[in-house]
Amino acid sequence: MSGPRRPLVAGNWKMNKTGVEAREYVARLRALLGDGELSCDVAVCPPATALEATARAASGSAVRVLAQAVHEAEKGAHTGEVSAGMIVGAGADGTLVGHSERRAAGETDDQVAARVRAALDAGLQVVVCVGESLEQREAGETERWLTGQVGAALAQVRADEVGVLSIAYEPIWAIGTGRTATPEIAQEACAHVRSVAAATLDPAALRVLYGGSVTPDNAAGLMAQPDIDGALVGGASLDAEAFAAIARAA
Ligand code: PGA
């Protein structure tokens with residue numbers, strides 16, 4: 001099934017890098033990736049304070065810039081939050097929604113659905129994240145959990161939006177732990193995510209990424225799986241060399 005889908009490799013910097021550090025990083029990444037035709041899409045996800053500097057530094061290159069989170073409201077009394085319009089105004093191309101670290105801090109399935117909708121309405125690309133905990137996996141509840149999360153995340157998505165929305169399968173037990181899912185486990189879960197999403201989106205066109213302790217060493221094996229169309233990279237994306245190596249593995 002990997003034929004028509006161009007892979008996406010996205011680096012989630014989390015709460016790391018100032019605007020100055022982001023500019024240096026993007027300059028280095030651009031040099032590493034070169035001007036030649038890449039075989040995948042590449043994006044970085046800086047913190048909100050560095051979005052504009054990152055977008056400026058990436059301007060005119062193949063590097064896309066995504067926010068890490070978005071609020072569903074257009075504006076108002078939401079201290080600390082950022083709207084889709086603000087992300088557009090910063091010059092970014094899209095946003096993550098529903099990262100497990102946000103869900104752990106209280107983001108609900110309903111908010112994820114509303115935030116996906118708000119981002120798409122603003123013309124942003126979306127990478128929506130799903131994934132089970134270790135307890136859920138050990139209890140045999142992974143598929144049921146992913147079915148619920150994917151269904152909720154896509155509740156307000158239209159079929160014609162398949163080109164601007166990707167789903168990242170990120171098992172919580174693999175995030176930041178060094179305990180990467182095996183290619184087989186990741187493939188099985190990504191195939192399930194795709195099959196559930198097929199109720200809304202053309203499964204042959206939908207990009208499903210894997211995330212969770214992706215490194216230059218394990219990236220190629222993961223992305224060689226038929227249902228894995230790229231990677232959402234946390235820790236290893238903080239270093240431009242390591243991140244470029246992962247992009248080259250796609
Ligand atoms: P990690 O993070 O690569 O550091 O495990 C992945 C993520 O949270 O997106």
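This is a predicted model: local features need pLDDT of at least 70, side-chain atom pairs count only at pLDDT 80 or more; totals for chains, interfaces and linings use all residues.
Residues are numbered from 1 along each chain as its sequence is written, and side-chain values use heavy atoms, with hydrogens and water left out.

Eight strands close into a barrel in the order 1-2-3-4-5-6-7-8, with parallel pairing. On average, neighbouring strands of this sheet are turned by 25° against each other, direction ignored. Strands (E, at least two residues) and helices (H or I, at least four) are DSSP runs numbered from the N terminus; two strands pair if DSSP finds at least two bridges between them. Axes are lines fitted to C-alpha atoms, for helices over the stretch in contact, and angles run from 0 to 180 degrees between N-to-C directions. Strand 3 (residues 63–67) and strand 4 (residues 94–97) run parallel and are joined by two bridges. Within strand 4, T95 stands opposite A67. Helix 2 (residues 51–58) packs on the sheet, where it touches strand 2 (41–45) and strand 3; contact means heavy atoms within 4.5 Å. The direction of helix 2 makes about 170° with that of strand 3.

The ligand is surrounded by 13 residues, the closest being K14, H99, E170, G176 and S213; a residue is near a molecule if one of its heavy atoms lies within 4 Å of it. By class, this shell has four nonpolar, seven polar and two charged residues, where Ala, Val, Leu, Ile, Met, Phe, Trp, Tyr, Cys and Pro count as nonpolar, Asp, Glu, Lys and Arg as charged, and the others, Gly among them, as polar. A polar side-chain atom of K14 lies 2.7 Å from a ligand oxygen atom. Backbone N or O atoms lie 2.7 Å from an oxygen atom of the ligand in G176 and 2.8 Å from one in G234. Taken alone the ligand exposes 280 Å², of which the protein buries 95% (Shrake-Rupley method, 1.4 Å probe).

K14 lies in the loop between strand 1 (8–12) and helix 1 (19–33), and its phi is near 55°. K17, in the loop between strand 1 and helix 1, has a positive phi of about 85°.

Key
A polar contact is a pair of N or O atoms within 3.5 Å; within protein, one must be able to donate a hydrogen and the other to accept it, and residues adjacent in sequence count only if both atoms are side-chain atoms.
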